[in-house]
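Colleague: I am new to this structure. Please show me how to read it, feature by feature.

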Amino acid sequence: MTVIVVENVPPRLRGRLAVWMLEIRAGVYVGSFSVKVREMVWENVEKGIEEGNAVMVWRAQTESGFEFRTLGANRRHPVDFDGTPLVSFFPSPEILGL
């Protein structure tokens with residue numbers, strides 16, 4: 001199973017994702033693909049994301065049972081901690097006084 005969550009992306013990208021996946025909530029897409037198709041879908045996200053952001057998670061033979069990728073400006077970013085995927089947070093602009 002593959003899940004893609006997008007925020008602030010153009011409507012054409014959301015429409016493109018809806019062709020391949022089921023949109024179960026606004027910006028949340030679910031599907032079941034081969035690796036090749038999953039990579040093709042992600043390439044389309046990369047091409048159409050503009051100022052938005054996205055995360056894709058899929059089932060994998062890892063200790064956690066999944067892998068994920070992120071794209072675009074977001075406070076969260078993936079970090080590998082001894083082979084375990086974690087998510088690190090950048091401080092919010094409000095905390096930094098910006």
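This is a predicted model: local features need pLDDT of at least 70, side-chain atom pairs count only at pLDDT 80 or more; totals for chains, interfaces and linings use all residues.

Colleague: How many helices and strands does the protein chain have?

Modeller: First, the terms. Helices (H or I, at least four residues) and strands (E, at least two) are DSSP runs, numbered from the N terminus. The protein chain has three helices and seven strands. Along the sequence, their pattern is β-α-β-β-α-β-β-β-β-α.

Colleague: What share of the residues in the protein chain is buried?

Modeller: Buried means under 20% relative accessible area, exposed over 50%, and partly exposed in between (1.4 Å probe, protein chains only). Of the 98 residues in the protein chain, 29% are buried. Accessible areas come from the Shrake-Rupley method with a 1.4 Å probe; for residues, only the protein chains shown count as cover. The chain's accessible surface is about 6800 Å². Carbon and sulfur atoms hold 55% of that surface.

Colleague: Which residues of the largest nonpolar core touch the most other members?

Modeller: The general idea comes first. In soluble globular proteins, nonpolar side chains tend to be buried together. A nonpolar core is a set of buried Ala, Val, Leu, Ile, Met, Phe, Trp, Tyr and Cys residues joined through side-chain atoms within 4.5 Å. Here the largest such core has 15 residues, and those touching the most other members are Ile 4, Val 6, Leu 17, Met 21, Trp 42, Val 45 and Ala 54. S1, H1, H2 and S4 each give two or more residues to this core.

Colleague: What does Trp 42 touch, beyond residues up to four places away in sequence?

Modeller: Contact means heavy atoms within 4.5 Å. By that rule, Trp 42 touches Ile 4, Ala 54, Val 55, Met 56, Arg 69, Thr 70 and Leu 71. For the chain as a whole, take contacts between residues at least 6 apart in sequence: 40% of them join residues at least 24 apart.

Colleague: Is Thr 2 buried or exposed?

Modeller: Thr 2 sits in strand S1. Thr 2 counts as buried because its relative accessible area is 2%. Neighbours within four places aside, its contacts include Met 21, Tyr 29, Gly 31 and Trp 58.

Colleague: Where is Gly 31 found?

Modeller: Gly 31 is in strand S3. With 12% relative accessibility, Gly 31 is therefore buried. Beyond residues up to four places away, Gly 31 touches Met 1, Thr 2 and Met 21. Val 28 is also in strand S3, which covers residues 28-31.

Colleague: Why does Leu 86 count as partly exposed?

Modeller: Leu 86 counts as partly exposed because its relative accessibility is 39%. Leu 86 is in strand S7, residues 84-89. Leaving out residues up to four places away, Leu 86 touches Phe 68, His 77, Pro 78, Val 79 and Phe 81.

Colleague: Which way does phi go at Asn 8, positive or negative?

Modeller: Asn 8 has a positive phi of about 55°, although it is not a glycine. Asn 8 lies in the loop between S1 and helix H1 (11-20). Asn 8 counts as exposed because its relative accessibility is 62%. Glu 50 is another residue, not a glycine, with a positive phi, near 50°. Glu 50 is in the loop between helix H2 (35-48) and S4.

Colleague: What volume does the largest pocket have?

Modeller: Rolling a probe the size of a water molecule over the atoms shows where empty space is left. On a 1 Å grid over the protein atoms alone, a pocket is an open set of points where a 1.4 Å probe fits, with protein on both sides within 12 Å along at least five of seven lines; lining residues have an atom within 4 Å of a point. Grid points are joined across faces, edges and corners, and a volume is the space filled by probe spheres set on the points. The largest pocket has a volume of about 280 Å³. It has 13 lining residues, and the closest to its centre are Ala 54, Val 55, Thr 70, Asn 74 and Arg 76.

Colleague: Which strand gives the largest share of the lining of the largest pocket?

Modeller: S5 does, with four residues. S1, S4, S5 and S6 each supply at least two.

Key. Residues are numbered from 1 along each chain as its sequence is written. Side-chain values use heavy atoms; hydrogens and water are left out.
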